[in-house]
Amino acid sequence: MTVDNVTVTGYISRMNQADLRYGIKELAELGGVSRRTVRYYTQEKLLPPPLGVGRGRHYGRQHLGALLKVKSLQEAGQTLEEIRRTLSGKQPDILAAPSAAQLERLAALCRVHVGPTGEPEHGDE
């Protein structure tokens, strides 16, 4: 099942805020990820831990919001480490060495060469 942010927002806005309680399966479906991904993001502290204990564990509105934010940042090309820094409010160190992913994005942007006439040439032509 694929659900977009607009669908989820519309669904939530029609519900009573006290009723927002999800099992891991529902949270994963609403977020468009697997249950394993939800557990991994929780382990990596990208999502807050579930509420309750044992079989009574559940997730709420804040979990869904965090999951959708992580997913959208990931779809925008951020690494999990970059997402972790974004979520923690820490700005990346501008003097730090760029990550491998940042270098790859930069290389992709720089794949335009100037030909003998001074016009840009693309490497894939």
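In which helix is Arg39 found? Arg39 is found in helix α3, where helices are DSSP runs of H or I with at least four residues, strands are runs of E with at least two, and both are numbered from the N terminus. The structure is a predicted model, in which local features need a pLDDT of at least 70 and side-chain atom pairs count only at pLDDT 80 or more, whereas totals for chains, interfaces and linings use all residues. Residues are numbered from 1 along each chain as its sequence is written, and side-chain values use heavy atoms, with hydrogens and water left out.

The protein contains 6 helices and 2 strands, and their order along the sequence follows the pattern α-α-α-α-α-α-β-β. Of the 125 residues in the protein, 24% are buried, a class that requires a relative accessible area under 20%, while exposed residues lie over 50% and partly exposed residues in between (1.4 Å probe, protein chains only). The accessible surface of the protein comes to about 9,200 Å², with 54% of that area belonging to carbon and sulfur atoms; these areas come from the Shrake-Rupley method with a 1.4 Å probe, and for residues only the protein chains shown count as cover. Among contacts with a separation of 6 or more, 44% are accounted for by residues 24 or more positions apart, a contact being defined by heavy atoms within 4.5 Å.

A search of the whole structure finds 3 salt bridges, each defined as a side-chain nitrogen of Lys or Arg within 4 Å of a carboxyl oxygen of Asp or Glu. In one of them, the side chains of Glu44 and Arg84 meet at 2.9 Å, N to O. This pair links distant parts of the chain, since Glu44 lies in the loop between α3 (35–43) and α4 (61–75) and Arg84 in helix α5 (residues 80–88), 40 residues apart. Both partners fall in the intermediate accessibility class: Glu44 is partly exposed at 25% relative accessibility, and Arg84 is partly exposed with a relative accessible area of 24%. Arg84 also forms a salt bridge with the side chain of Glu81, at 2.8 Å from N to O. Glu81 and Arg84 are 3 residues apart in helix α5 and are therefore separated by about one helical turn, and Glu81 is partly exposed, with a relative accessible area of 41%.

Glu75 and Lys71 both lie in helix α4, where a spacing of 4 residues corresponds to about one turn of the helix. Their accessibilities fall in separate classes, as Glu75 counts as exposed at 62%, whereas Lys71 is partly exposed with a relative accessible area of 22%.

Arg39 contributes to a positive surface patch, which is formed by Lys25, Arg35, Arg39 and Arg57, and Arg39 counts as partly exposed at 46% relative accessibility. Patches are made of residues with over 30% relative accessible area and no salt bridge, like charges being joined within 9 Å and nonpolar side chains (Val, Leu, Ile, Met, Phe, Trp, Tyr) within 5 Å. Lys and Arg count as positive and Asp and Glu as negative, with His and the chain ends not counted, and the place of a charge is taken as NZ of Lys, CZ of Arg, CG of Asp or CD of Glu.

Thr86 lies in helix α5 and is partly exposed, with a relative accessible area of 38%. When neighbours within four places in sequence are left aside, Thr86 is in contact with Leu73 and Gln78, while the C-alpha atoms of Thr86 and Val70, 16 residues apart along the chain, are separated by 9.6 Å.

In the loop between α3 and α4 lies Lys45, which has a positive phi of about 65° although Lys45 is not a glycine. At 71% relative accessibility, Lys45 counts as exposed.
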